[in-house]
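Please open the model in your viewer, with the sequence panel beside it, and follow the stops below in order.

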Amino acid sequence: LLGWLVLPPLLLLAVSHLVTPVYVDRYLFVTAPALALLAGLAAAHAGSRRVSVAACWALVAACLAAGTYQHAEIRDENGRFENFPWAISRIQARPGDAIVYGQSQVRSGFDYYGPAYYGLDRYGDGSMPEDVLRLGHDPSPTGFGYRERSAVAGALRGRERVWVVWRGTKAAGDRLARVREVEEAGYEREGSWHSADLPGMTVALYTKAGG
């Protein structure tokens, strides 16, 4: 049980230091059962002495009180610092607008919090432009992303405005292939917004150059 509790954070820290940053607090939820079992063993060995039992219950109550806020916070719309409702609210779609995702897996959050979730019409406040790269509605069987068309320029042909959304800061978009492909297709960034918390979400509006 001690190994179950201690090894996962040590492994994440080691990989983050030696290979690539992967340490995220929620990845350690897998250690919660080990912590609970260790607490149960401690309570069982406390015996029937009233003071020991009372101390165990006091510790349980203190842990519940200390963790309640964090449990509520991580289940908030921005609990993972990826505020999809905020990102959707930034998009003011017009008929004919397109949307491109910097990372394919970002699409799942938009599917969940999109217009159908709020009961909105296709166009209007908080609605979604057309997902021109999407191929089918099911996620890829080999990962967290979705199958997409590879020819971005062709998919955007005839579009005057393109909304591009990615996970991360505004500057992070410069390193994303999909963002570069939109720019290479002849679009210029007209405006961009970031959700403030890191890594956060960035929403950018691109318009046809010279349009």
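Tyr27 touches Leu12 and Val22, residues up to four places away in sequence not being counted, and contact here means heavy atoms within 4.5 Å.

Residues are numbered from 1 along each chain as its sequence is written, and side-chain values use heavy atoms, with hydrogens and water left out.

**Colour by confidence**

Colour the chain by pLDDT, the predictor's confidence in each residue, from 0 to 100. The chain averages a pLDDT of 85, and 91% of the residues score at least 70. Over residues 117–126 pLDDT stays under 50, although the model has 23 contacts for this stretch beyond four places in sequence. Where pLDDT is low, the predicted coordinates should not be read in detail.

**The sheet**

Now show the strands β2-β1-β5-β7-β6, which in that order form an open sheet of five strands with mixed pairing; two strands pair if DSSP finds at least two bridges between them. At the edges stand β2 (130–131) and β6 (187–194), each with a single partner strand, so one side of each is left without a neighbour in the sheet. Starting from β2, move to β1 (residues 98–101): the two run parallel and are joined by two bridges, with Ile99 standing opposite Asp131 in β2. Helix α8 (residues 177–184) packs on the sheet and touches β1, β5 (161–167), β6 and β7 (201–208), its direction making about 140 degrees with that of β6; axes are lines fitted to C-alpha atoms, for helices over the stretch in contact, and angles run from 0 to 180 degrees between N-to-C directions.

Select β5 next. Four bridges join β1 to β5 in parallel, and Val100 has Val164 as its bridge partner in β5. Seven bridges join β5 to β7, which run antiparallel, and Arg161 has Thr207 as its bridge partner in β7. Six of the seven residues of β5 are buried, so this strand is largely enclosed by the rest of the structure.

**The nonpolar cores**

Which residues have the most contacts inside the largest nonpolar core? Select Val100, Leu156, Val164, Val182 and Tyr206, which have the most contacts inside this core of 18 residues; a nonpolar core is a set of buried Ala, Val, Leu, Ile, Met, Phe, Trp, Tyr and Cys residues joined through side-chain atoms within 4.5 Å. The elements that give two or more residues to this core are β1, α7, β5, α8 and β7, and β5 gives the most, with three residues. Apart from this core lies another, of 16 residues, among them Ile99, Phe110, Trp163 and Val203.

**The salt bridges**

Finally, display the charged side chains: a search of the whole structure finds nine salt bridges, each a side-chain nitrogen of Lys or Arg within 4 Å of a carboxyl oxygen of Asp or Glu. Arg159 and Glu130 meet in one of them (2.9 Å, N to O), linking the loop between α7 (152–155) and β5 to strand β2, with the two residues 29 apart. Arg159 is buried, with a relative accessible area of 16%, whereas Glu130, at 35%, counts as partly exposed.

Select Glu148 and Arg178 next, whose side chains meet in a salt bridge (3.1 Å, N to O); Glu148 lies in strand β4 (residues 146–148) and Arg178 in helix α8, 30 residues apart. Both Glu148 and Arg178 are buried.

Technical notes
Predicted model: local features only at pLDDT ≥ 70, side-chain atom pairs only at ≥ 80, totals over all residues. Buried < 20%, exposed > 50% of the residue type's maximum accessible area, 1.4 Å probe, protein only.
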